[in-house]
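Good morning, and thank you for coming.

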Amino acid sequence: MIIKSMALTFVFGIFIDLFVHLHHIMYVPENLWIRCLYSLIGLNLMAVAVCIYFQSGSIYLPSDYLLKAFGKRMNNYTVGTMICTSMPLSISILIILFQHHITGLGISTFLFMFGIGFLIDLYNRWIVIDKVPQQNMYSA
């Protein structure tokens, strides 16, 4: 399980870097409204993906275990996500205070922190993956 988690994290990180690089080569919008539209579309796509990912039952990343645990503990993902994302956000703020330079922390970060949990709760009501009960198969 640990090796799968590490491999998935590595591959996931490479794909993020690849797509960000390709995105910067193709088009980076200068207009603030288009950036906000990008954020809203991305936020909804991420919420749908997380909803399906959590319902599928095959969670491999440690941070996802934490998010799911906070969501279950708080009985909704809205509050659970805010608590879970407040930890890396606090670390980012400390780094910003020490470096006296804001990088990687913007409007979309706060939209993610306060909006992704609400959207996951919303999509959990709309997208329901029925789990097929597994039958015990014994060979004679």
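This is a predicted model: local features need pLDDT of at least 70, side-chain atom pairs count only at pLDDT 80 or more; totals for chains, interfaces and linings use all residues.

Thr81 has a relative accessibility of 1%. The limit for a buried residue is under 20% relative accessible area, so Thr81 counts as buried.

Where does this residue sit? Thr81 belongs to helix H4, which runs over residues 77-99. If we set aside neighbours within four places in sequence, Thr81 is in contact with Leu67, Met113, Ile116 and Gly117. Helix H3 covers 62-73 and helix H5 covers 107-126.

Let us now step back to the whole chain. It contains five helices and zero strands, and along the sequence the pattern reads α-α-α-α-α. The chain has 140 residues, of which 23% count as buried. Consider next the contacts between residues at least 6 apart in sequence: 58% of them join residues at least 24 apart. As for the surface, the chain exposes about 10700 Å², and carbon and sulfur atoms supply 72% of that area.

I turn to a particular part of the surface. Phe10, Val11, Ile14, Phe15, Leu18, Phe19, Leu22, Ile25, Met26, Tyr27 and Tyr38 form a nonpolar patch there, and together they have about 1100 Å² of accessible area. Which helix gives the most to this patch? The answer is helix H1, residues 2-26, with nine residues. Tyr38, another member of the patch, lies in helix H2, which spans residues 32-56. Its relative accessibility is 37%. Partly exposed means between the 20% limit for buried and the 50% limit for exposed, and Tyr38 therefore counts as partly exposed.

My last topic is empty space. Rolling a probe the size of a water molecule over the atoms shows where such space is left. The largest pocket in this model has a volume of about 1400 Å³. Of the 35 residues that line this pocket, those closest to its centre are Phe12, Ile16, Gly42, Met46 and Phe112. Which helices take part in the lining? H1, H2, H3, H4 and H5 each supply at least two residues, and H2 gives the most, with 10 residues.

Thank you for your attention.

How values were computed:
Residues are numbered from 1 along each chain as its sequence is written. Side-chain values use heavy atoms; hydrogens and water are left out. Patches are made of residues with over 30% relative accessible area and no salt bridge: like charges are joined within 9 Å, nonpolar side chains (Val, Leu, Ile, Met, Phe, Trp, Tyr) within 5 Å. Accessible areas come from the Shrake-Rupley method with a 1.4 Å probe; for residues, only the protein chains shown count as cover. A salt bridge is a side-chain nitrogen of Lys or Arg within 4 Å of a carboxyl oxygen of Asp or Glu. Helices (H or I, at least four residues) and strands (E, at least two) are DSSP runs, numbered from the N terminus. Buried means under 20% relative accessible area, exposed over 50%, partly exposed in between (1.4 Å probe, protein chains only). Contact means heavy atoms within 4.5 Å. On a 1 Å grid over the protein atoms alone, a cavity is a set of points where a 1.4 Å probe fits but cannot get out, and a pocket is an open set with protein on both sides within 12 Å along at least five of seven lines; lining residues have an atom within 4 Å of a point. Grid points are joined across faces, edges and corners, and a volume is the space filled by probe spheres set on the points.
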